[in-house]
Amino acid sequence: MQFYKERILNAAQLKRLSEHKYSCTSASILDAWLQPWWCWLVSKTPLWLAPNLITILGLIINIVTTLILVWYSPDGRQEPPRWACAVCALGVFVYQSLDAIDGKQARRTGSQSPLGELFDHGCDSISTVFIALGACIAVKLGDYPTWMFFQCFCAMTLFYCAHWQAYVTGTLRMGRIDVTEAQYSIIAIHLVSATLGAEFWSTKLPTVGIGVNLMSNYAVVVMTLVLIVGYVKVIMRGGVGKNGSTVAGTSILSPVIPFSFVVVPAFIIFQKSESHVYENHPALYILAFGMVAAKVTNRLVVAHMTKSEMEYYDWSMLGPAMLFLNQYFNNALPEYYVLWLCTLWVCVDLIRYCAQICLEICDHLKIRLFRIPYPPASTAASMHASDRNAASDSEKSDPEDVAPLLNNNSIIS
């Protein structure tokens, strides 16, 4: 377990991180279609704007727009205003677009670094929680709290499994239907809610008598399970390390344990709560455990990039432990207040961890997190020409050949 006053990364880990080479393959359907939009957008981006600043701005917009939905429907059962759904759709679109161009901006400015990959995936791990929660509120899935719980944790698990696979094989693999398709599907969901109202999703389908929201939930769960099975199949074939181990030489099953320490307590506390703390406050509950899941996922990404063993315990798990111990002592404190304390603890711990990791890497690589040197005019002109040539080449190439370059996570900032 890491203590706050200790450095998170040692000298050997920092050395391996600086030698890390990003590897990603993608067959995403939408990425090729969206490439012209991303190229145009990055061409309008000032050269002084740091890639990591682009990423964090997108994340902040996504968080704020989702919290607007949470404010109007904290239990996922109330119908949020249509404008709030429209704003949330815009928030996801802005986040996705900015997340797609941060790597392109890094190439334009010559500021690529391993920190960019880590920062990008770290922001994605947080946005996954907010995007999933926003989608559940937009379709009033709070009417089925267990399914809402399952839906949100499916999204977190899917994101974790993708990086678990990368930890084992050394390559992040994106399928035909992956993160971009999921994000645009959720944008469409928000737009439907903005146009027809969230109450539309509660409409019962004829014959089967099941609400549209629950029916669509079944489809998402089935798709999620198919993707997870695909990840597990790749993982079970063995890794690139010695004797089929991970990139760090550890067991391919070792990442299961840290994530289990998040999912299992979340489900047990939800089931054992006498005050029904999850059913009454599902958004707050999901955000609390979602931030723990984001922290664990970040540590998996760091373990991959530094080729290190992933530790099983983490300070963020003290938050869920508060809820567990409070239940053990027959709710000595009201569970709602303990849940708020848990949420504040895990959020502060996640911010502290991410900040310390970034500062340590910046110090090692002699770079700044949110600033890059402004290039001379001649350099900027040559970069513009290089970008135009790259875009021209990509248009002439087969989409399958350029897919790794088109993925929103494939070019590190």
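The legends below describe an overall view and close-up views of a predicted model.

**Overall view. The chain as a whole in the predicted model.** The secondary structure of this chain of 413 residues consists of 15 helices and two strands. Buried residues make up 53% of the chain, and its accessible surface amounts to about 18,500 Å², with 67% of that area belonging to carbon and sulfur atoms.

**Close-up 1. The bend in helix α2.** Helix α2, which spans residues 29-43, bends by about 45 degrees at Gln-35, and the proline Pro-36 follows within four residues of that position. Gln-35 itself is among the buried residues of α2, together with Asp-31, Leu-34, Trp-38, Leu-41 and Val-42.

**Close-up 2. The crossing of helices α9 and α11.** Two packed helices are described by the angle between their axes and the distance between the axes. The axes of α9 (residues 256-272) and α11 (residues 282-306) come within 9 Å and cross at roughly 170 degrees; because angles over 145 degrees count as roughly antiparallel, the two helices are described as roughly antiparallel to each other. The crossing in which α9 passes α11 is right-handed.

**Close-up 3. The residues that meet between α9 and α11.** From α9, the residues taking part in the contact are Pro-258, Phe-259, Val-262, Pro-265, Ala-266, Ile-269 and Phe-270. An α-helix has 3.6 residues a turn, so residues three or four places apart point the same way.

Terms used:
Residues numbered from 1 in each chain as written. Predicted model: local features only at pLDDT ≥ 70, side-chain atom pairs only at ≥ 80, totals over all residues. Heavy atoms only, no water. Buried < 20%, exposed > 50% of the residue type's maximum accessible area, 1.4 Å probe, protein only. Areas by Shrake-Rupley, 256 points an atom, 1.4 Å probe, with all protein chains shown as cover. Bend = angle between axes of the 7 residues up to and from the residue. Axes fitted to C-alpha atoms, helices over the stretch in contact; angles between N-to-C directions. Parallel < 35°, antiparallel > 145°, perpendicular 65-115°, else oblique. Left-handed = near helix turned anticlockwise from the far one by under 90°. Contact = heavy atoms within 4.5 Å.
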